[in-house]
Amino acid sequence: MSSFGAPQTPFKVLILGGSYAGLAAALNLVDLCHGRRHRFSITDGDNGTRKRISVQITMVDPRDGFYHLIGQPLALSSKEFAESFWLKFSDISALQTPEIRVVQGSIDSLDCASKTATIATAEGSTQENYDYMITCTGLARQYPSAPRSFARERFLAETADNLANVRDASKGVAVIGGGAVGIEIAAECKMLHPNVPVTLIHSRAALLSSESLPDEFAAKALEVIKESGVKTIMGARVSNITQDGENSYTLSLSNTQTLTASHVINAVSKFTPTAPTYLPSDVCDEQGYVRIKPTLEFPSDVSSISATIASDHYAAGDVAKWSGIKRAGAAMHQGHFAARNVHQKMMAKVYGTTPDFVKLDPVEAGMGLAVGKSAVSYFPSMGLGWGEETRELFFQGDLGFGICYRWMQLGTPMGKPVEDEADTPVDGKNNKPEKIASASTAVEAAA
């Protein structure tokens, strides 16, 4: 690396997490290192640098594949969607390239100063050295917000159990919690199983009470979920659940009301950042999110490592402290930016170029919420929206799986032109360039 044009030793890049941010970082970085237009580029004149850089990426994730977490409410009530939403890493065409190695495991410890990570796998612990690190480990989410399982086969068994309970719910399904997850679980359940009574119970007077969004958004969400056929009980907390027999429960509410149900789903969302388990405490804020610069680098005021070393460490996605509500679109956007900035540093070392870093802009709170056959959205730049057209824009018919799949071009072998994405359909959908452009509109609106 010391002299330009000398034979190059591959840069080692460690990416922790293989979900939206991690995949976006890995795939865009390989595109850039191949010297071609990267997959998230929306500039027609961007044909890449044509300068190649040798890179070896190790991506670590506890699961054996990419899971479309946005689709969890739909996967819980549909065998077909559950099977579609979990893609084993070994079956993702874009990852089948020598530059990317996927390790199923979790980060045990990280020594930022020596740039060494200890990875825990089923076979034992391994040491990984790196030149650059991008952490995208996200949040630890409880079921049903996220699957319990780390393997596709176990996940499918898990969702099959829930589906059987829903189908056999002669006394109905009770969903506890009126946050985004609870609303979507109740709505998707009712849409797919219209003959099953579904009741959503929320302890506050308004839905989405923990979100920093306008009251009109919460009011419209309540209106639309009622129109979908879901019964709602507002301002009442579930104080006790008694099992009366097989598939029979009595829920006692704080307003003295009781409710019987055959299946109960507790969708009160609880999540915690994962970073404090492996990063120095001064890298994280008081809640456990990784403090980052607009370039996504670790801050330079970390006492445990030098500013120079900190600048080789990045965080993207839900684990990163940044403005706005945590969303998949924002995670992919941040992973993309981290990849571009790492690539700029590589270019400077190999070719002597001056780095031109991209920076995140502040993000105002916004959300798209799928509610059965409809959807409700609010973004400051777009205002309040609802209806079938809103669902089509943000989610289409599969809670955004096809949008994310096409935007990341997961079905396109590395190096294949973007125009050939039409050769790899998702559930029979057209993936031509105009479809990819449509996907970028939804993703960038959420970023």
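**View 1. Glycine 229 comes after helix 6 and has a positive phi, near 105°.** Everything here belongs to a predicted model, in which local features need pLDDT of at least 70, side-chain atom pairs count only at pLDDT 80 or more, and totals for chains, interfaces and linings use all residues. Residues are numbered from 1 along each chain as its sequence is written, and side-chain values use heavy atoms, leaving out hydrogens and water. Helices (H or I, at least four residues) and strands (E, at least two) are DSSP runs, numbered from the N terminus.

**View 2. Helix 6 spans residues 215-227.** Its 13 residues reach 19 Å from first C-alpha to last, close to the 18 Å expected at 1.5 Å a residue; the expected span is 1.5 Å times one less than the number of residues. Look for its buried residues (under 20% relative accessible area, 1.4 Å probe, protein chains only), which include Phe217, Leu222 and Ile225. Among the elements covering them are helix 5 (180-192), strand 12 (198-202) and strand 13.

**View 3. Threonine 232 sits in strand 13, residues 231-234.** This threonine 232 counts as buried because its relative accessibility is 17%. Setting aside residues up to four places away in sequence, threonine 232 touches Leu200, Leu222, Ile225 and Lys226; contact means heavy atoms within 4.5 Å.

**View 4. Methionine 346 belongs to the largest nonpolar core.** Such a core is a set of buried Ala, Val, Leu, Ile, Met, Phe, Trp, Tyr and Cys residues joined through side-chain atoms within 4.5 Å. Of its 90 residues, Leu110, Leu279 and Met346 touch the most other members. Beyond neighbours within four places in sequence, methionine 346 is in contact with residues including Phe11, Cys33 and Tyr132. A second, separate core of 31 residues includes Ala169 and Val198.

Key. Buried < 20%, exposed > 50% of the residue type's maximum accessible area, 1.4 Å probe, protein only.
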